[in-house]
Amino acid sequence: MRFDIVTIFPEFFSGPFEHGIIRRAKDAGIVGVGVHDLRSWTSDRHHVVDDRPFGGGAGMVLKPEPLVAAVESLRLPPERGRAVVVLTTPQGRLFDQREAERLASFDQVVLLCGRYEGVDERVVTAVVDEELSIGDVVLSGGELAACVVVDAVVRLLPGSLGCEHSASEDSFSGHGGLLDCPHYTRPAEFRGIAVPDVLLGGNHAEIATWRRRQALARTWQRRPDLLEGVDLGEDDKRFLEELKATAK
Ligand code: 9D3
């Protein structure tokens, strides 16, 4: 699989993909990441990529011609695989694990990074397949959002994680959509705070029950919306009812 990222700040991407899982996946030939300067698709002397908005107002808008030319030169022809063109923008659909899984099924993801006040809407009409946001928070541009998308998708590609982990055991898939339980390592007591006894006892059935209940309790307290999508067993339901009763 490959990513092609189009940005006015290509230097921005010199760090994030040189470490950890993405670096390993690149070295292993599982993924290729191309970073492209939008200005290389301009033809004027000053490499202008933005202009003032029609209708007036503050800020600048990314011009359509360079972005559309970038997509048309980078996008794989259909005979070379399935490609999807994504624009990172605050107006996009919320990026989530399900969307990461969907993107992981393509042969190429072309990521257009928004900047300034926005992107000329004709770009969206002409070449963009999906607009994605990473959450209800204001960033300075789409570059960090694009990094988030690359990171989430790469770790889903077969072979990109060491055999000790598995993407299917992650918080939003493997624990059946629950948040993770708390974790502890040595020392058994730190600043007067002890590790829960059950984790020191070596009774693996008890430990599994404790972890499941911690995960259920945290999810209910912090992200009750996630419980909708969770397949709850009889024990889980009884535990949650008890939790709700004691909380009242
Ligand atoms: C000050 C301009 N804002 C007026 C309402 C709109 C605005 C435009 C561009 C706000 C932020 C940005 C830059 N952000 C992104 O391009 C972006 C983003 C984000 O800010 N939050 C979450 N996901 C994303 S994806 C791209």
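Reader: Is the crossing of α1 and α5 left-handed or right-handed?

Author: A crossing is left-handed if the near helix is turned anticlockwise from the far one by less than a right angle, and right-handed if clockwise. The crossing of α1 and α5 is left-handed. This is a predicted model, where local features need pLDDT of at least 70, side-chain atom pairs count only at pLDDT 80 or more, and totals for chains, interfaces and linings use all residues. Residues are numbered from 1 along each chain as its sequence is written, and side-chain values use heavy atoms, without hydrogens or water.

Reader: At what angle do α1 and α5 pack?

Author: Axes are lines fitted to C-alpha atoms, for helices over the stretch in contact, and angles run from 0 to 180 degrees between N-to-C directions. Helices are DSSP runs (H or I, at least four residues), numbered from the N terminus. Here α1 (residues 20-27) and α5 (residues 143-154) pack at about 65°, axes 9 Å apart.

Reader: Which residues make the contact?

Author: Contact means heavy atoms within 4.5 Å. From α1 come I21, I22 and A25; from α5, V150, D151 and V154.

Reader: How many aromatic pairs does the structure hold?

Author: Rings of Phe, Tyr and Trp (its six-membered ring) pair if their centres lie within 6.5 Å; planes under 30 degrees apart count as stacked, over 60 as edge-to-face and the rest as tilted. The structure holds two pairs. F12 and F13 have ring centres 5.7 Å apart and planes at 55°, so the pair is tilted. F12, F13 and F17 form one aromatic cluster.

Reader: Is F13 buried or exposed?

Author: Buried means under 20% relative accessible area, exposed over 50%, partly exposed in between (1.4 Å probe, protein chains only). F13 is buried, at 3%. F12 is partly exposed, at 32%.

Key. Helix = DSSP H or I, 4+ residues; strand = E, 2+ residues; numbered from the N terminus.
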